[in-house]
Amino acid sequence: MAGNARAREPGEGTDRLGAVLRPVRAGNGFEEALEQILQVVRLGLVPDGGRLPSERELAERLGISRVTLREVLRVLHEEGLVESRRGRYGGTFVLRRADGAGEDELRRRTAEVDIEDVLRFREVLEVGAAGLCAAHGLSGEGVVRLRRALDHTRDAPLADYRRRDTLLHLTLAGLCGSASLAAQYAGVRAGVNDLLDCIPLLVRNLEHSQRQHTALVEAVLDRDADAAREIAREHCAGTAALLRGFLA
């Protein structure tokens, strides 16, 4: 047999990836595509050393552009999960993952956390706060505080972005008119931040989050409660997709 012949994988010819790969929603295309491909890698649907489907096939399955897909693959490459090879038998290949200290620390920090509980409670509180702020309107001082918090996220250095992002969401919760909600949100946000500290900062995700922040603030100031709730829900879903992808 020719030296370039490739060993046939068990189950090859069947759609092993069909249970995971599906078209993503338009609002969080990058985050949800990353979540799904991370699931493919972590579930071993493509074994160590195996090749992922072509960029064309992945983009079609996920319903995203090749540009967005390449950004997803770049993140996986930077995390040491895949590598790209050129040539006739090239493509994107899954790398063997070493169980080092970093992986042990991630497991330790998340083993006793009910991630789904944290994410769902966060969504309820953020969507509720956004809706209340929009429905009841903000005072002049509240408008200034919210705009200032948004402005501080726009010019945040990468290393300080999550802190300023947290302050924006805490400001919104604090302006909703419910001291109980604001107090509960502070607690759940601390849990979310512990989870976020376990995953890398992704510039594409932060840019997307910033656009959502701007749209959310505009909806609140326009007193469009339905839009504010929907934007907040979509924003939470994007973060949840990343956390599930990396930590689940």
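By class, how many nonpolar, polar and charged residues does the lining of the largest cavity have? The lining has nine nonpolar, four polar and four charged residues, where Ala, Val, Leu, Ile, Met, Phe, Trp, Tyr, Cys and Pro count as nonpolar, Asp, Glu, Lys and Arg as charged, and the others, Gly among them, as polar.

The model is predicted: local features need pLDDT of at least 70, side-chain atom pairs count only at pLDDT 80 or more, and totals for chains, interfaces and linings use all residues. Residues are numbered from 1 along each chain as its sequence is written, and side-chain values use heavy atoms, with hydrogens and water left out.

**Fold and burial**

The chain has ten helices and two strands, taken as DSSP runs numbered from the N terminus (helices: H or I, at least four residues; strands: E, at least two). Their order along the sequence is α-α-α-β-β-α-α-α-α-α-α-α. Of the 248 residues, 44% count as buried; buried means under 20% relative accessible area, exposed over 50%, and partly exposed in between (1.4 Å probe, protein chains only).

**Cavities**

Rolling a probe the size of a water molecule over the atoms shows where empty space is left. A cavity is a set of points, on a 1 Å grid over the protein atoms alone, where a 1.4 Å probe fits but cannot get out; lining residues have an atom within 4 Å of a point. Grid points are joined across faces, edges and corners, and a volume is the space filled by probe spheres set on the points. By this rule there are three cavities of 30 Å³ or more. The largest cavity has a volume of about 190 Å³. Its lining comprises 17 residues, with L196, N205, L206, S209 and T239 nearest the centre. Helices α7 (161-174), α8 (179-196), α9 and α10 (225-247) each supply at least two residues of this lining.

**Salt bridges**

The structure holds 20 salt bridges, each defined as a side-chain nitrogen of Lys or Arg within 4 Å of a carboxyl oxygen of Asp or Glu. Three of them are tabulated here.

| Pair | N to O distance |
|---|---|
| R120 and E116 | 3.7 Å |
| E126 and R189 | 3.7 Å |
| R154 and D151 | 2.5 Å |

The E126 and R189 side chains meet in a salt bridge. This pair links distant parts of the chain, with E126 in helix α5 and R189 in helix α8, 63 residues apart. E126 counts as buried at 5% relative accessibility, and R189 counts as buried at 2%.

R120 and E116 both lie in helix α5 (residues 115-136), four residues apart, about one turn of the helix. R120 is exposed, with a relative accessible area of 57%, while E116 is partly exposed at 26%.

R154 and D151 both lie in helix α6 (residues 140-154), three residues apart, about one turn of the helix. R154 is partly exposed at 46% relative accessibility, and D151 is partly exposed at 39%. Elsewhere, salt bridges that share partners join R122, E126, D165 and R189 into one network.

**Surface patch**

L158, L201 and V203 form a nonpolar patch on the surface, with about 230 Å² of accessible area together. Patches are made of residues with over 30% relative accessible area and no salt bridge; like charges are joined within 9 Å, and nonpolar side chains (Val, Leu, Ile, Met, Phe, Trp, Tyr) within 5 Å. Accessible areas come from the Shrake-Rupley method with a 1.4 Å probe, and for residues only the protein chains shown count as cover. V203 lies in helix α9 (residues 203-221) and is partly exposed, with a relative accessible area of 44%.

Definitions and conventions. On a 1 Å grid over the protein atoms alone, a cavity is a set of points where a 1.4 Å probe fits but cannot get out, and a pocket is an open set with protein on both sides within 12 Å along at least five of seven lines; lining residues have an atom within 4 Å of a point.
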